[in-house]
Amino acid sequence: MSKRIQNEATDGLFRAILSLQNMEECYTFFEDVCTINEIQSLSQRFEVAKLLREKKTYLEIAEKTGASTATISRVNRSLNYGNDGYDMVFRRMGEKQDGV
């Protein structure tokens with residue numbers, strides 16, 4: 001866990017996110033908390049991470065997502081040297097799909 005972002009306010013935000021029960025609630029909450037651009041940036045990074053895990057090239061990813069090479073590089077750095085958050089989520093999402 002990153003101590004750089006951990007504080008009482010962030011804990012409160014994450015507790016709020018964890019209380020969401022379905023996709024509709026996620027849209028409702030995130031549309032209030034974030035700007036459209038912020039939501040699009042987060043979803044773009046997540047899509048970039050999925051495509052990097054699928055071994056797509058930077059060019060393919062940039063064409064598909066519109067992400068800059070700087071964003072792709074940043075996400076790639078997180079995948080390779082981060083806290084394994086992307087991998088944890090991808091694994092859990094795969095388990096849900098396999099179990100459905």
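Tutor: Accessible areas come from the Shrake-Rupley method with a 1.4 Å probe, and for residues only the protein chains shown count as cover. The model is predicted: local features need pLDDT of at least 70, side-chain atom pairs count only at pLDDT 80 or more, and totals for chains, interfaces and linings use all residues. Residues are numbered from 1 along each chain as its sequence is written, and side-chain values use heavy atoms, with hydrogens and water left out.

Student: What share of the accessible surface of the protein chain belongs to carbon and sulfur atoms?

Tutor: The C-alpha trace spans about 35 × 35 × 25 Å along its principal axes. The accessible surface of the protein chain comes to about 8000 Å², and the share of carbon and sulfur atoms in it is 52%.

Student: Which pattern does the protein chain follow along the sequence?

Tutor: Helices (H or I, at least four residues) and strands (E, at least two) are DSSP runs, numbered from the N terminus. The protein chain has six helices and zero strands. Read along the sequence, the pattern is therefore written α-α-α-α-α-α.

Student: With which residues is Leu 52 in contact, leaving aside its neighbours within four places in sequence?

Tutor: Contact means heavy atoms within 4.5 Å. Leu 52 is itself a member of the largest nonpolar core. Leaving aside neighbours within four places in sequence, its contacts are Tyr 58, Ile 61, Ile 72, Val 75, Asn 76 and Leu 79.

Student: At what angle do H4 and H5 pack?

Tutor: Two packed helices are described by the angle between their axes and the distance between the axes. Axes are lines fitted to C-alpha atoms, for helices over the stretch in contact, and angles run from 0 to 180 degrees between N-to-C directions. Helix H4 (residues 58-65) and H5 have axes 10 Å apart, and their angle is about 115°.

Student: Which residues of H5 make the contact with H4?

Tutor: On the H4 side, the contact is made by Tyr 58, Ile 61 and Ala 62. On the H5 side, the residues are Thr 69, Ile 72, Ser 73 and Asn 76.

Student: Is Arg 45 buried, partly exposed or exposed?

Tutor: Arg 45 is found in helix H3. Leaving aside neighbours within four places in sequence, Arg 45 is in contact with Thr 71, Val 75 and Tyr 86. Its relative accessibility is 35%, so Arg 45 counts as partly exposed.

Student: Is Lys 55 buried or exposed?

Tutor: Lys 55 lies in the loop between H3 and H4. Although not a glycine, Lys 55 has a positive phi of about 65°. Because its relative accessibility is 70%, Lys 55 counts as exposed.

Student: What is the relative accessibility of Asp 84?

Tutor: Asp 84 is placed in the loop between H5 and helix H6 (85-99). Its phi is near 65°, a positive value in a residue other than glycine. Asp 84 counts as partly exposed because its relative accessibility is 45%.

Definitions and conventions:
A nonpolar core is a set of buried Ala, Val, Leu, Ile, Met, Phe, Trp, Tyr and Cys residues joined through side-chain atoms within 4.5 Å. Buried means under 20% relative accessible area, exposed over 50%, partly exposed in between (1.4 Å probe, protein chains only).
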